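Me: I'd like a close look at one strand here. Could you walk me through what surrounds that part and what it pairs with?

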There are 2 protein chains.
Amino acid sequence: MNFQYVIGVDMGGTNTAVGIVDTRGNILCRTQIQTTEYTTGEAYAEALGEAINRLIADNGLTDKIKGIGMGTPSGNMNDGTIAPAANIPWAKNQAVPMAKLLTDITGLPCRLTNDANAAALGEKEYGSAKGMRDFIVITLGTGVGSGIVAGGELVVGHDGFAGELGHVRVVRHNGRACGCGRSGCLETYASATGVARTAREFLERHPEQPSVLRDITTRPISSKDVFEAAEKNDALALEVFDFTGKILGDALCDFIAFSSPQAVILFGGLAHAGKYLLPPLKEEMEKHILYIYKGKTQILISSLNDAEAAILGASALAW
Amino acid sequence: MNFQYVIGVDMGGTNTAVGIVDTRGNILCRTQIQTTEYTTGEAYAEALGEAINRLIADNGLTDKIKGIGMGTPSGNMNDGTIAPAANIPWAKNQAVPMAKLLTDITGLPCRLTNDANAAALGEKEYGSAKGMRDFIVITLGTGVGSGIVAGGELVVGHDGFAGELGHVRVVRHNGRACGCGRSGCLETYASATGVARTAREFLERHPEQPSVLRDITTRPISSKDVFEAAEKNDALALEVFDFTGKILGDALCDFIAFSSPQAVILFGGLAHAGKYLLPPLKEEMEKHILYIYKGKTQILISSLNDAEAAILGASALAW
């Protein structure tokens with residue numbers, strides 16, 4: 001059979017987006033379901049499987065679909081399960097064999113992995129990493145994730161959970177408390193949450209320094225606020241990005257010593273602040289990189305459209 | 001043809017050891033040449049190639065050899081060259097296409113890589129990592145090196161220089177000066193040299209504390225001295241290993257977040273102090289490992305015979 005299309009599924013904490021994708025990375029049609037309105041993994045899988053079947057039938061693509069690729073929080077590529085995840089009601093206490101459940105309902109082969117690995121595959125198939133065999137995608141969102149490709153293959157580890165670079169400790173003493181229960185993780189500094197945290201810290205530490213961020217009093221400051229302040233040339237906001245970029249650049253030196261990638265690609269919400277993050281990041285890298293890697297690794301901002309990237313990344317698993 | 005043997009070449013800073021190895025990892029016969037007595041890479045390659053040809057002929061193994069595997073400092077698996085290396089007179093200023101030179105002289109295919117990668121391949125083929133697809137070998141010698149296997153393949157990076165985990169910075173502020181020109185690298189703490197350095201530091205910092213190491217006055221204290229002192233239950237020597245094991249355990253937490261290996265294998269001279277290093281190492285890991293990896297990664301001491309391991313590791317490249 002001549003398979004021309006794959007299904008990409010991006011399961012988020014709230015919505016699950018589904019798209020049919022062609023070989024060039026065009027999303028032909030979409031649908032979505034709520035992630036959290038189901039009480040069991042089976043019920044969620046059934047709703048998702050039926051949504052997929054309907055989308056295929058409605059678009060007259062029966063027998064033209066090669067398979068399903070899915071990106072999920074805690075997705076384990078090795079065994080196709082979603083590991084227990086605190087913020088998904090139907091996966092709170094147990095692993096859910098999602099790939100198998102979806103195959104049972106749709107008759108299509110299904111592979112899944114975590115969001116950051118899906119992003120890496122998306123970059124490889126359709127984005128900045130086309131043709132690269134060694135690269136790292138760092139996802140800068142609410143948290144910090146990573147997808148590592150070495151020798152053309154995703155590094156998944158013996159248990160399927162490799163690539164948690166957001167939880168490499170960049171500050172070993174008196175670091176910020178992390179949601180993982182430890183402290184000093186990269187995620188506590190270089191995520192959207194980390195940027196907002198830095199802003200609040202800087203505002204408190206330098207009470208004399210004026211900043212438009214001080215006008216925000218009725219809600220917590222967000223990373224978007226910091227970005228908008230930087231756009232207005234706010235000195236404190238610019239210092240926040242300088243600090244963030246430096247910590248990230250410093251961490252990248254260690255990541256490069258691991259897999260010597262051709263490129264590191266920054267992906268996700270905070271990557272849109274690339275023009276503020278990249279100069280201090282590169283300056284710090286230049287200062288701290290081991291001499292044998294000097295000037296070899298490109299630092300890129302993802303060129304994929306945010307709204308599409310997650311579906312595309314997931315779909316890349318199915319080719 | 002039925003190839004039953006391969007050649008393993010271990011090029012050290014002083015000697016180059018050559019052995020013929022069978023499929024089970026037995027070294028049938030050996031020879032060696034001096035590494036440094038040649039003025040050009042071509043002259044060295046010629047001497048080495050002829051030594052290999054002679055060893056094969058003398059043992060009646062012509063036409064039974066599959067190829068040559070070579071472990072060298074700065075060996076680049078991607079292109080078969082030895083990168084410029086300060087301590088090798090004939091490779092001081094330029095890369096030497098060693099694999100090609102050896103093939104020209106012996107008529108055998110040749111692959112080379114750096115020592116730590118060769119050690120990793122040796123563990124995979126003949127040692128503790130048999131059957132493992134994801135593991136990291138940390139070589140604890142004069143320096144600290146590493147060979148990373150992910151998904152069954154050696155991680156070499158886009159330029160062939162991946163896996164410099166000895167130069168991950170474990171102390172970011174006021175760390176020890178490293179030979180690489182930076183500071184705080186793992187190598188400055190967890191190598192044989194690092195252990196000796198720690199001992200000298202501890203002796204100076206606690207002048208009141210008795211230690212048999214104080215009796216060594218006519219030469220610099222070595223890591224072997226520290227080991228022997230620990231064997232005599234010397235408290236300061238034991239504290240040195242405790243400190244070293246903890247730094248290493250802490251660093252391993254970050255390495256595991258990268259590739260989630262089934263095992264980390266400690267290899268090389270300092271690994272013989274495993275009984276002193278492992279308890280603090282494991283204690284620190286238990287304390288600092290990200291929860292999803294807890295209790296999953298084995299920490300092993302290489303079971304390969306030191307004298308043979310380097311040749312075996314290199315030979316594994318040729319199968």
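Reply: Some ground rules to start: two strands count as paired if DSSP finds at least two bridges between them, and strands themselves are DSSP runs (E, at least two residues; helices are H or I, at least four), numbered from the N terminus. The model is predicted, so local features need pLDDT of at least 70 and side-chain atom pairs count only at pLDDT 80 or more, while totals for chains, interfaces and linings use all residues. Residues are numbered from 1 along each chain as its sequence is written, with chains lettered from A and ligands numbered from 1 in the order in which they are written.

Now to strand E2 (residues 15-22) of chain A. Six of its eight residues are buried, so E2(A) is largely enclosed by the rest of the structure; buried means 20 or more other C-beta atoms within 10 Å of the residue's own, with C-beta atoms placed from the backbone.

On one side of the pairing story is strand E1 (residues 5-11) of chain A, which runs antiparallel to E2(A) and is joined to it by seven bridges. Three residues sit between E1(A) and E2(A) in their hairpin, and A:Met11 has A:Thr16 of E2(A) as its bridge partner.

Then there's strand E3 (residues 27-34) of chain A: E2(A) pairs with it over seven bridges, again antiparallel. Here A:Ile20 is found opposite A:Cys29 of E3(A). The hairpin of E2(A) and E3(A) has four residues between the strands, and in it A:Gly25 takes a positive phi near 90°.

Note on methods: Buried ≥ 20, exposed ≤ 12 C-beta atoms within 10 Å, placed from the backbone.
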